[in-house]
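Please read it with the structure open beside you.

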Amino acid sequence: MDSLEQTIADAQARLEAAVADRTAAMHAPVVGTPDGEMRIMVLRAVGPALSALRFHTDARSPKVMTVATHGRASVLAYDPVARVQLRLSGPARIEQAGPTADAAWDKAAAFSRRCYLAEAGPGAPLDAPGSALPADLLARRPTLAETEAGRAAFAVLLVEPETLDWLRLDAHGGVRARFVRGPQGWEGGWTAP
Ligand SMILES: Cc1cc2nc3c(=O)[nH]c(=O)nc-3n(C[C@H](O)[C@H](O)[C@H](O)COP(=O)(O)O)c2cc1C
């Protein structure tokens, strides 16, 4: 990296590529919440200048209450080939209704929507190993009309990063930069890796 601007642009480009390509290393980052829990989530959208990261989730999952309570989240993504790690954190919120959630639901394919038809939310106890999907949906793709029942369980998680830590390790000791979002946009500097 030659400049701090280039470093921010690199983070943006990596995350945008990860949204578009399900085989990209950063497609499914780790999302952390202030209760100390972490989980893998698929990155669905990145706003301009890293203004927001969008994820989809089941409104019944425990992280939804945690985000509602604490209002913050962190995101950790790593590309093992490029050896680049991105750490972002900032205010976070859950939206179950409204234009963002509606648009995300409208764009979701029937197969992606299927998980929201589960009869019990993530983390609910089950009598046997397996999914909580209705038995007749286990082996088939639901019709789009059938998936509408899942809308009530669908929510988006929006993280608005206000810190970014960019790190690449290499044989020369690596490069690292840390940024904070200020009124004028991202401001940062180089740091020791
Ligand atoms: C590859 C992979 C992708 C996942 N994608 C999502 C996702 O996009 N949204 C989500 O809520 N959970 C996703 N999960 C499941 C979460 O990691 C987690 O188990 C679940 O959301 C419950 O989290 P919670 O108990 O912290 O609420 C994914 C898990 C894996 C392994």
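**Notes on the predicted model**

1. Arginine 176 is found in strand β9, and the model in which we see it is a predicted one. Its relative accessibility is 18%, and because buried means under 20%, arginine 176 counts as buried. The side chain of arginine 176 makes a polar contact with the side chain of aspartate 165, at 2.5 Å. Leaving aside neighbours within four places in sequence, arginine 176 is in contact with Arg87, Asp165, Trp166 and Leu167, and also with Gly189, Trp190, Thr191, Ala192 and Pro193.

2. Which residues have the most contacts inside the largest nonpolar core? They are Leu15, Leu53, Phe55, Leu86 and Leu164, in a core that has 28 residues. At least two residues of this core come from each of α1, β3 (43-46), β4 (53-58), β5 (72-79), β6 (84-95), β7 (154-159), β8 (163-168) and β9 (175-182). Another core, of eight residues, lies apart from it and includes Tyr116, Ala153, Phe154 and Val156. In soluble globular proteins, nonpolar side chains tend to be buried together.

3. Leucine 164 deserves a separate look. Not counting residues up to four places away in sequence, leucine 164 touches Ile8 and Ala11, then Leu50, Leu86, Arg87 and Leu88, and finally Ala177, Arg178, Phe179 and Trp186. Of these, Ile8 and Ala11 are among the buried residues of α1, as are Thr7, Asp10, Gln12, Leu15 and Ala18.

4. The loop between β3 and β4 holds both alanine 49 and leucine 50. Alanine 49 has a positive phi of about 55° although it is not a glycine, and leucine 50 likewise has a positive phi of about 55° without being a glycine.

5. Which residues surround the ligand? They are Arg39, Ile40, Met41, Val42, Arg44, His56, Thr57, Ser61, Pro62 and Lys63, and β2 (38-40), β4 and α2 (62-70) each supply at least two residues of this shell. A polar side-chain atom of arginine 39 lies 2.7 Å from an oxygen atom of the ligand, while a polar backbone atom of isoleucine 40 is 2.8 Å from an oxygen atom of the ligand. For proline 62, a backbone N or O atom lies 3.4 Å from an oxygen atom of the ligand. On its own the ligand has 620 Å² of accessible area, of which the protein covers 57%.

6. Is alanine 132 buried or exposed? Alanine 132, whose place is in the loop between α4 (110-113) and α5 (144-147), is buried, with a relative accessible area of 18%. Leaving aside its neighbours within four places in sequence, alanine 132 is in contact with Ala118, Glu119, Ala120 and Leu126. Alanine 132 and threonine 143 are eleven residues apart in sequence, and their C-alpha atoms are 18 Å apart in space.

Note on methods:
Residues numbered from 1 in each chain as written. Predicted model: local features only at pLDDT ≥ 70, side-chain atom pairs only at ≥ 80, totals over all residues. Heavy atoms only, no water. Buried < 20%, exposed > 50% of the residue type's maximum accessible area, 1.4 Å probe, protein only. Helix = DSSP H or I, 4+ residues; strand = E, 2+ residues; numbered from the N terminus. Core = buried A, V, L, I, M, F, W, Y, C linked by side-chain atoms within 4.5 Å. Contact = heavy atoms within 4.5 Å. Near = heavy atom within 4 Å. Polar contact = N/O pair within 3.5 Å; in protein donor to acceptor, adjacent residues only side chain to side chain. Areas by Shrake-Rupley, 256 points an atom, 1.4 Å probe, with all protein chains shown as cover.
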